[in-house]
Amino acid sequence: MARVVLIEDEADLREILVYNLGQAGHRVQAAATAEAGLRLARESMPDLVLLDLMLPDRPGTTVCTALKHDPRTQDIPIIIVTAKGEEVDRIVGLELGADDYLAKPFSVRELVLRMSAVLRRGESKGPAVIEVAELRVDRDAHRVEVEGSELTLTALEFKLLTTLVTRRERVQRRSTLLADVWEVDPGVTSRTVDTHVKRLRDKLGAAGRFIQTVRGVGYRFSDTDG
Ligand code: CA
């Protein structure tokens, strides 16, 4: 399952994609304008963005640029979906850092396959072992050590830690953590996040200081003060 933000102004196509990608097991949030789509992507930090280039308010290329230039969102893969023959847009899109391109009309099956490929590439991104001072996180082996001693974390705590540590220095909203770690709709019980962060911090001991509270927003993994 992937969380997808779809930015598409054609209502019919939007509905078809929301329905079919939902059937394929993805959770899709849709927007009809560049502005709304950008806001949605920034808020929900999805696993993937599907981006139409011809949008009513401004070109989809500007959404691509905005997401790829923001350290918080630059790793979110983007697949451009646009009308056939717009060769210029295709080149521009890929130059702007889009991860793939699909010309309309396309089959949902093809889109789903392309999405899987892009998502797989994304998963292998980043080092398997992350070391920050006395903390060592081995994502492949599911091992966490502090000063050489292995910690016993629950699967959820491990996921919470790896989510925070791979998004180092980036503030994670409670709703984002709820969606990415718990995989439930955001806004249900943000208190759950606080409870688990506290437990994780306690288990990490001295290394718990890396998980910083950003008041009124959420949490950030950081090895610098503040
Ligand atoms: Ca369009």
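Start with the open sheet of three strands, ordered β10-β12-β11 with antiparallel pairing; strands count as paired if DSSP finds at least two bridges between them. Helices (H or I, at least four residues) and strands (E, at least two) are DSSP runs, numbered from the N terminus. This is a predicted model, in which local features need pLDDT of at least 70 and side-chain atom pairs pLDDT 80 or more, while totals for chains, interfaces and linings use all residues. Residues are numbered from 1 along each chain as its sequence is written, and side-chain values use heavy atoms, leaving out hydrogens and water.

Select 172-173 and 211-214 next: these are the edge strands β10 and β11, each pairing on one side only. Between β11 and β12 you will find four bridges, and Ile-211 stands opposite Phe-221 of β12.

Which residues have the most contacts inside the largest nonpolar core? Pick Leu-135, Val-144, Leu-160, Leu-161, Leu-204, Ile-211 and Phe-221, out of 26 residues in that core. Such a core joins buried (under 20% relative accessible area, 1.4 Å probe, protein chains only) Ala, Val, Leu, Ile, Met, Phe, Trp, Tyr and Cys residues through side-chain atoms within 4.5 Å. α6 gives the most to this core, five residues.

Finish on Leu-160: beyond its neighbours within four places in sequence, Leu-160 is in contact (heavy atoms within 4.5 Å) with Leu-177, Val-181, Trp-182, His-196, Val-197 and Leu-200.

Note on methods. Buried means under 20% relative accessible area, exposed over 50%, partly exposed in between (1.4 Å probe, protein chains only).
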